[in-house]
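Here's a quick tour for anyone meeting this structure for the first time. Have a look at the model, then read on.

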Amino acid sequence: MKSQDKIDALHMDIALRVAKESYCVRKQVGAIIVKDNVNIIAYGYNGTEAGEDNCCEDNVDGLLVTKTTVIHAEDNAFRKLDQMKDSLGCTMYCTLQPCIDCAKKIEFFGITKLVYLQSYRSTEGIDYLMNNHVKVEKL
């Protein structure tokens, strides 16, 4: 049996690969939901709604700013679940620490552990998860 560290590294590698599917220029984010430490039941990456232009950013005074309509990787993964009960007790692996809105969805869908790779400018999402008994680990 593989150690948990190896399992976490493997799943994060998959989340990183999923992130590469994003058309976003500024940040490509991937997320996977894993059941029973083995089965990937959903994945997602940040991007626009199906059928929309794949441009995720606006150029504002020479800076790329993410459009407010961009769907976060975590949200796209949740949209792929067949039923909410599928995610109860699962682990989510995400290449970027979740924002507060995604953290609320992680808790709502019954995810019990989050493993993330990169920090986000705000710790509000992580603080929310820890206060709501979701185990959080930075890889």
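Buried residues make up 41% of the 139 residues in the chain, where buried means under 20% relative accessible area, exposed over 50%, and partly exposed in between (1.4 Å probe, protein chains only). Keep in mind that this is a predicted model, so local features need pLDDT of at least 70 and side-chain atom pairs count only at pLDDT 80 or more, while totals for chains, interfaces and linings use all residues. Residues are numbered from 1 along each chain as its sequence is written, and side-chain values use heavy atoms, with hydrogens and water left out.

Now for the overall layout. The chain has 4 helices and 7 strands; helices (H or I, at least four residues) and strands (E, at least two) are DSSP runs, numbered from the N terminus. Reading from the N terminus, the order is α-β-β-β-β-α-β-α-β-α-β. The radius of gyration is 15 Å, close to the 14 Å that the globule rule gives for 139 residues, so the chain is as compact as a globular protein of that length. That radius is taken over C-alpha atoms, and the rule is 2.2 Å times the number of residues to the power 0.38.

Here are some whole-chain values side by side:

| Property of the chain | Value |
|---|---|
| Box filled by the C-alpha atoms, along the principal axes | roughly 50 × 30 × 30 Å |
| Accessible surface (Shrake-Rupley method, 1.4 Å probe) | about 8000 Å² |
| Part of that surface belonging to carbon and sulfur atoms | 50% |

As for contacts (heavy atoms within 4.5 Å), residues 24 or more positions apart account for 52% of those with a separation of 6 or more.

Next, zoom in on a hairpin. Strand 3 (residues 57–60) and strand 4 (residues 63–66) pair in the antiparallel sense over 4 bridges; two strands pair if DSSP finds at least two bridges between them. Asn-59 has Leu-64 in strand 4 as its bridge partner. There are 2 residues between the strands, and Asp-61 in the turn has a positive phi of about 55°.

Finally, visit the loop between helix 2 (73–79) and strand 5 (91–96), which is where Ser-87 lies. Is Ser-87 buried or exposed? Ser-87 is buried, with a relative accessible area of 0%. Not counting residues up to four places away in sequence, Ser-87 touches Ile-41, Leu-81, Phe-109, Gly-110 and Ile-111.

Leu-88 lies in that loop too, between helix 2 and strand 5. Leaving aside neighbours within four places in sequence, Leu-88 is in contact with Lys-35, Phe-109 and Gly-110. The C-alpha atoms of Leu-88 and Glu-57, 31 residues apart along the chain, are separated by 33 Å.
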